[in-house]
Structures are given as C-alpha cells and as structure tokens.
Amino acid sequence: MKLLTHNLLSSHVRGVGPRGFPLRLQATEVRISPVEFNPDFVARMIPKVEWAALLEAADTLHLVEVPKEPIQGYEHDESFLRQMHHVLLEVDVLEGTLQCPESGRLFPISRGIPNMLLSDEETET
Amino acid sequence: MAAVPGGRRSGPAAGARFFCTAGRGLEPFLMREVRSRLAATQVEYISGKVFFTTCSDLNMLKKLKSAERLFLLIKKQLPFNVSSVSKGKILNEMQRLTNDDPESWLNAISIWKNLLELDAKKVKLSQKNANPLKRKVGENDIIAKKLKTEQMQEIQENKECQLEKQIEEETLEQGNFTTKRDKSQEELQNDVVEAVGTHNQNDLTFRVSCRCSGAIARTFTAQEVGRVIGIALTKQFGWKADLRNPNLEIFIHLSDIYSVVGIPVFRVPLASRAYIKTAGLRSTIAWAMASLAEIKAGAVVLDPMCGLGTILLEAAKEWPDVYYVGADVSDSQLLGACDNLKAAGLKDKIELLKVSVIELPLPSESVDIIISDIPFGKKFKLGKDIKHIIQEMERSSHPFPGHFCGLAYPPAVLGTGALAVNRTEPLPTWGWHSSVGRQIMNESTG
C-alpha cells in the first residue's frame, strides 16, 4: 500500500463518518522501491493530497525530506516533485495495520493489500 | 483489392486494405479506433468484420485493442450463389477466387512481406544499437537470434482463447484450420525470417483455413472448400501446401453476405494480450469499457469489483498517467490480480484493496471514475446488493451529473454485466442492453 493510497482511505465503521479519516498507520514491513518518475502525474496528484494525513503517515514511517505543504509553482519545481514522488509512490507498506481514529478498529495490511472488510455487525446498513 | 492501385511494389506507404474480426457490439469501438490510431480511411463494417485502409506499420497495427484478429485483405466479393446450382458449378466458381485475378494475390503477399521485413529491420536496428560488436554475423542469423532475445518480453503463450467460438455465431467447421494457439511471438519472428528469405514466390508454403456459414455451409464442408482452393493455388502459383508450419496462411470466409479472403497478419489474435497473464473479462471488452469512461490524465479511477484486474490492466496500458485502484472481496481474485499486475509490470500503477463495494472506505466524492464488470451470471453471486452498489458508487465519486453507461450481455453469452461510469462528464449510452442492464438504469435514476 502506497502512501498515496493511504491518503485516500477512510474508516467506514458504523457511525464514524468523516471522523474516520485519516487512518492511523502502523507498519512492520516497508519496502522502498524505485518507481519511474513522471512529473506530470505527480503534479496532478498534489491538489488531491490531504497534507496532514500524509505528514502523519510519513512521520510514522520515519521518512525524511517530506515537504510540509505544496509550494508556489510546484508544477515546475522538479526537486519538490521528486520528493513528493518518493513519498507518495515509492514507499510501500507491505505489512502493518490501519486504525480507525474514532472507533479504534484495526484493519490489517498484508502483502501490501489493506483488508478493510467489515463484519456484518459493523456495517452501516 | 488488397492494395490501393499504384503499382506492384506498393508497400505500407501506399496504404493497404485490412480487415478485422470483432466481437459483437465492439464494431463501433473498432471503427473509431482504426480511424484515430491508424488514420484509417474507407472504413466499413459488414457482418462482424471491419474493413479499412491504412499506411500504418505492424507496430501500430499491433496496438489495436478492440479487434479480435487482423487480416490483410486479398479479396472481398459477393457471396456464392448456392441455390439451384450444381455443386460442381459452385466449385468452379470458387476456383475463380484464385484464377481470375492473380495480381491481387501477389500484391497482397508482397505487402505482407514488406510489413514483416519492415518490422524485422526495426527490431534488428534496435538490437544493433544495443550490441555494436555483433555486426559481423550473417544477416539472417542476426535477425533470428536478436529477435529471440529482444522479443523475450513479448513472448506470450496463448491462454484461454475462447475467441473463435464466441465471436462468430456461424457454424465453426475447422477444416484445415489447426488451432496453433501456443505459437509464440518468437515463432512468428522466425517465420518472418523464413518468409523474407523466400526471394522467389514459388518457394512459399501455405495453408488454407476456411470457414463457411449460412447457405454455403449446408452444401460444403470447410475441408472441401479448403482443398479446392488449395489445389487451385498450387496450380496457379506453384506454392506447396504445408499444414504444419507454412510460411503463409490464407484465411477464407464464405457466408451469405460476402466471400472474403485474407492473410492473417499475426499468428496470435490481437485480443490475446502479451501483458495479461490470466484474463478475467475479455480484454477487448475491458478496453472498450475503459475507453467509454474517458479517462483523463491525473484522474483517480476505481474498479470496486476488479476480480483479476483486467479492466484496470487495459486502462493502465492505454492511459498511464492515472491513479488506479482495484478492490475485491475475494482473496483468490486479489492474488490473481496481484500476479497479473506483476506480470504486466504495472504494480506501480495499480493499487489493490480488499474491500466491499457496498462499503467503500473512501471519503465521499474522492474518486473521479468508476469502471466495473458487475458479476451477474452464475459464476458470482450478487444478490439484492445492486442498489447499494450503485449508491456507494454515487457517493464515492464526484457529484457531477453523469450518465450510467450500461453494458450488459444476455446471460447466455457471458453471464456478466458491466458498468462504466464517468461522473465528470456525460457519456453517450450504447444500445446493447439486456433487460438486466435496463434494470440498473432504472434503479439508478429512479
């Protein structure tokens, strides 16, 4: 699970609503692997990023050189884009957990795939 | 005619006439595709085949995504009249396919050779650049050897091809048509070496694959027709028949609508993708769905019931500057999808989640596009959840008014239903809905 994906995920435990974001990340196995740098793509993702959530996750993983916020003219700032590229796309959490900040419910991450299936009692219907 | 009139040596530069077979319902996609990808002209659709003219080379032709197979056209003419005419007379008529206009055959074959030569040269050139020391080796050796190593990534085994059975409704009489499904790209290139090595047309070996449907199928078997044509070809051009490993394959389709003769351009159907290890949904349909969704760079695209990930694979290959997420409830499907992503080299473009479509762990309005093949048939159960599914899809995607585009097949054919939803722009809807598809549309707008 990349951090860009983590940035998108929210807890859907019953009654939690928007307080289910962001999920607290815990990682026991992380892989950092190079991904082809596509500045255009990264630039387009920047507006979608929830920065507080990203910084929190990056902090948990002890990542360095993480921009604190989008800078002016980021679309053309290669060094900024490369840093964001690294944080968002090159860090892969293989094993760990995601925790709902409101309910405390834990969702396991296994082989890089978060399991967010809820049991029947937990679902909102 | 295979070649635009302009001389015997008309190669791709002059524009050649091709035809593709296409699955039912995919013809409009294919017609659009040949126009946009290949700048094709004289595009016409007749009964399961799309005919077109283009100057494109093999590399571009290979990229067609909504076609089943591609052929170079030798001849297209009116169907044989089988009513109240003796069998012998009709067989004579068939011989005229080869005898009446030998130029068209020779033209087509020379175009075909040109296409292959051009392709082989390109591969050889790229190899030469990579290995400057090996220039001294003999020309054919270079081609054969370098092609082998260069094409390693593109070698594919043909898996799970149920193509011919499902596309054409006609009576499939195999005749001389040996299904060489395991022929790999490497073997194709070796054939190229053989083909281009035959300077003299008389050296060519060939095999005829014949398909008969409609009235003519009631009078003749494909074998009979194949044999007659084969003999006529040997007589006319001196080629030798080789059923095992011919240089040249001739494909003939005789139906109530037309008589068509062509040369298959690739041994492996276009619909068999080199980059898909295990196909779920048929690749052509998956691509067509993705194309309907009008995916733009920078979009977030979700397939909440991704199965083996076929739709996402097709989409990621075509529109790479996009963030793709696939979700499924099944471990085995996700494992398969993971495998597929690895095999296709798309692990970095597509993320997977174990998630239920009726409970998407996504903030509202976080996704731009949702594409999915919704399982209707007997293989997967869906139950009464369809309304919840639509609701969840609506919630998680942007609230721009959009149409649902329903692609649903009669359960007898495929047993699946499919949806492509783009919430940022309205989409045209297509007219092949089954009653199930209509039901989705009603429930979603109601």
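Colleague: How many bridges join strand S2 (residues 91-99) of chain A to strand S3 (residues 106-110) of chain A, and do these strands run parallel or antiparallel?

Modeller: Strands of a sheet pair through backbone hydrogen bonds, either parallel or antiparallel. In this predicted model, S2 and S3 of chain A run antiparallel and are joined by four bridges, where pairing requires at least two DSSP bridges and elements are DSSP runs numbered from the N terminus (strands E, at least two residues; helices H or I, at least four). A:Leu98 has A:Phe107 in S3(A) as its bridge partner. Residues are numbered from 1 along each chain as written, and chains are lettered from A in written order. Local features need pLDDT of at least 70 and side-chain atom pairs 80 or more, while totals for interfaces use all residues, and side-chain values use heavy atoms without hydrogens or water.

Colleague: Which strands of chain A stand at the edges?

Modeller: The open sheet has the order S1-S2-S3-S4 in chain A, with antiparallel pairing. Strands S1 (24-32) and S4 (113-114) of chain A each have a single partner strand, so one side of each is left without a neighbour in the sheet.

Colleague: What area do chain A and chain B bury between them?

Modeller: The size of an interface is often given as the accessible area lost when the parts come together. Here chain A and chain B bury about 2300 Å² (1.4 Å probe, summed over both), with 63% of that area on carbon and sulfur atoms. On the chain A side, A:Leu8, A:Ile113 and A:Leu117 lose the most area to chain B, together 25% of what that side buries.

Notes: Buried area is the accessible area (1.4 Å probe) that two parts lose on being put together, summed over both.
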